[in-house]
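Here is a short briefing to read with the model open beside you. Take a look first, then work through the points below.

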Amino acid sequence: MIRTLNLAKLPFFFVSLFALSLVFSSCEDDEDGPEPRPSESITDLIGSTEGLESLDTLISLLGSDFAARVNSGDFTIFAPNNAAFSNLLSSIGYSSLGELRTDILSDIIFYHIVANTYLEANQLDSTITTLGFSQIEFEQEGDTTVINPDTQPDRTVVVNTIRGSNGVIHVTDKVLLSPDGAGSLASLFGTVAGITSTLGDVLNLQGVDGGISTINSVFNSAGVLSRLAGSENFTVLAPINSGFDDFFFTSNDNVIETANYHVLAGDVDLSTAGRTITTLGGATLYVSQTSNGTYLNGIGTADLEYGASNGKVIHMGGVLKPAAPLTEMVDYIEALSGNSFTIFKKALAETGIDVGSNRTIFMPTDAAFERAGIITSIDSVEEESARLDTELLRSILQKHVVTDGMLFSTDFEAATLTTLNGNLALTLEGDNGTITINDNSEKTPDNANLVFPANNLVENEIVLHVINEVLLP
């Protein structure tokens, strides 16, 4: 089953669990491992271990009181190496740890320290409180231990274990960040590129994947990420990862087009943006304001106030499909929905109907045409009867073209719609907002319903919605 998510239906379900995951190997204190250095404290170990110079710098920035506290008891430190800090800094738009506020540096390092000495990974309890009073969860998987396994699939491997006079160090290749709320930390991570890069996999919804790492990968592949890390202001429209389940790329150019489709110039307030806004690539997006929230091209948005030094990041419940020519969009819908639209496409070609612009089209599936007994009408135009059938098709197609403007599913309300051939009664049914179309014709045995997610797709100034019945004139 193809899945969709309506963010506006769940306006308060965001849980900002902010923690990266890692796996580290159980390191036994044997002759192949690093020799214990019982004459050195934990901070001494960090200062004298190659590859931990950045962590040593961080400790120096925090001052002697911090070092004294860490050396006052037995502790286990998960020590990020230089590459870990370098990757973090580049992703958040900074060049050195000194550019981060002291309280942020303190939060980072305290999340890496737990009381007591754990020489081996499998000695760790399932949940441990760090010195920063945040919880870390551990799960044993064979000879490896996963930290915060439910919030992040990426895993960091410990490269060695070093024992000192008052504890042990496990060296990691990524920086862990405290689960204190992604929203409150976002503004500390510099640019919008820093937010999508750093928070990408650690944002979660209740029971739903709310990470935004996939769009970050799209930005990177399209060559847009470096620009988002610059001085220009942007509003990034970040679909949750699961939104890509209902989306696929058609070409390398489409990757670039999609990336630009999810970026707006400037710090945009969608609530006051009006009906249309322009993307970084010059395309038009359509804004719908409803009692449930704000939608772009029928897709729900949630501004969680992820402010950045150069704009902000807005959550989206799905991926915005760039506009395409009608025939190309129909081909895309076929692949997306698993339905075929051969009859609809041939009917368009045979009838030569001009659907116009600023329109909404309800597109029946082949199965719908077959149920209506309309399947051979377009096979030939050589006989008079076939030409009459073509005229019938023209009449049918005109009934599916709404002239009341571009209407996304979020714009629908119980109303009468005007088509190129008569009126349609639109009703909303059930708690999930099922959209039903009544063609006011006794010829149609059943009312039509929208087929999700093959809807809200834009062809220049036309919105396409797939329906499961033909609307007969």
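Val313 touches Val192, Ile195, Thr196, Ile212, Val236, Ala238 and Tyr306, where contact means heavy atoms within 4.5 Å and residues up to four places away in sequence are not counted. The model is predicted, so local features need pLDDT of at least 70 and side-chain atom pairs count only at pLDDT 80 or more, while totals for chains, interfaces and linings use all residues. Residues are numbered from 1 along each chain as its sequence is written, and side-chain values use heavy atoms, with hydrogens and water left out.

**Nonpolar cores**
- Val313, Phe219, Leu228, Ile333 and Phe344 have the most contacts inside the largest nonpolar core, which has 53 residues.
- Helix α11 (residues 326-337) gives the largest share of this core, 6 residues.
- Apart from it lies another core of 31 residues, among them Ala79, Phe85, Ile104 and Leu105.
- A nonpolar core is a set of buried (under 20% relative accessible area, 1.4 Å probe, protein chains only) Ala, Val, Leu, Ile, Met, Phe, Trp, Tyr and Cys residues joined through side-chain atoms within 4.5 Å.

**Helix α2**
- Ser54, Leu55, Leu58, Ile59 and Leu62 are buried in α2 (residues 53-62); helices are DSSP runs of H or I, at least four residues, and strands are runs of E, at least two, numbered from the N terminus.
- These buried residues line one face of α2, because they fall within an arc of 145 degrees seen down its axis, taken from the directions from the helix axis to the C-beta atoms.

**Sheet**
- Four strands form an open sheet in the order β4-β3-β9-β8, with mixed pairing; strands pair if DSSP finds at least two bridges between them.
- β4 (113-115) and β8 (161-164) stand at the edges with a single partner strand each, so one side of each lacks a neighbour in the sheet.

Terms used
Buried < 20%, exposed > 50% of the residue type's maximum accessible area, 1.4 Å probe, protein only.
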